[in-house]
Amino acid sequence: MGNSTFRFLLLALLALPVLQASAPASSRAFVAENIAPPVALHVSQELQGLDAELERLKHEDLQELLDFVAGNTLFTLYHEAGHMLISELELPVLGQEEDAVDNLATVTMLGADTEDMDLLLSHAMIGWFLIASENYEDLVFYSEHDLDQQRGYQMLCLMVGADEAAFADLARDLELPEERLETCGFDYEQSADSWEIVTAPYLREDGERGNRIRVRHGPPGPGQASMALFLKESELMEIVAEELDDLYKLPEQVTFKAEVCGEENAFWDPSQREMTLCYELMTGFADIYLDLLTLRN
Ligand SMILES: [Zn+2]
């Protein structure tokens, strides 16, 4: 498949139903309507850069773009949260840590088992193929990682392994070979079980809040106001922080923060006990989707 044909395919696959604000809350901590607009992307300062481009988008296109940003941001947050758990709980890691936390992020999002979360996960998975097809080399939040496309296929395999009915078509469209497909159920069980076993001793059983994770939203830079606002209104960081706080007994206070970094990145800093999500990473996801919209319109 040629590169542009492939990008058209990805675009078609992304024509997924958008999240509905009226979607019923899942039984888990995750509440999907937090993510669904209406998000008032009107910012007070003069619009520039990405903010100005988003202002010009049709409502449906903006909605799709925000779903894409939400899915990829959420996956990134769970990925970084995995690094945090490994370092704070001193978990053993067999194999590459990057692969382990990618798997955790996928398995966690699959665990919600809602259509909305499946949609966000699909956006994140397809995001890897888009990054690969465009060589967005600035997206460096994954050092010591597999190739982007490999990461996409690994996610896809776990998704089919967990729920063949929901994701089999996606797997076929992305040409995941049949012989690989056959092992995906095992891959999923193994990843899910491994995480469950190593984290079991740290599960909170008292039903009390840990209040160990604080969330901070720093001021955005030029052109980042809408993404900063979306992060705040969708409460993506708060959702992940609360979920982990409820699940695990973290030994120390940690911080999840969003800020201007000067690069498209996200990282866990064990010495400061801080997870940083760079606004540049979110604007990078938005740019990828804007490019796709240009291709379609
Ligand atoms: Zn990582």
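Helix α3 (residues 59–88) lies across β2 (254–259), β3 and β4, at about 15° to β3. The model is predicted; local features need pLDDT of at least 70, side-chain atom pairs count only at pLDDT 80 or more, and totals for chains, interfaces and linings use all residues. Residues are numbered from 1 along each chain as its sequence is written. Helices (H or I, at least four residues) and strands (E, at least two) are DSSP runs, numbered from the N terminus. Axes are lines fitted to C-alpha atoms, for helices over the stretch in contact; angles run from 0 to 180 degrees between N-to-C directions. Contact requires C-beta atoms, placed from the backbone, within 7 Å.

Helix α10 (residues 236–247) also packs on the sheet. Helix α10 touches β1, β2 and β4, and its direction makes about 175° with that of β1.

The sheet is open, with four strands in the order β1-β2-β4-β3 and mixed pairing (strands pair if DSSP finds at least two bridges between them). β1 (213–217) and β3 (266–269) stand at the edges with a single partner strand each, so one side of each lacks a neighbour in the sheet. Neighbouring strands are turned by 15° against each other on average, direction ignored. β3 and β4 (residues 274–278) run antiparallel, joined by four bridges. W268 stands opposite M275 in β4.

Helices α4 (residues 97–112) and α5 (residues 115–134) pack at about 155°, with axes 7 Å apart. α4 is therefore roughly antiparallel to α5 (angles over 145 degrees). T106, M109, L110 and A112 in α4 meet M117, L120 and L121 in α5.

Technical notes: Contact = placed C-beta atoms within 7 Å. Parallel < 35°, antiparallel > 145°, perpendicular 65-115°, else oblique.
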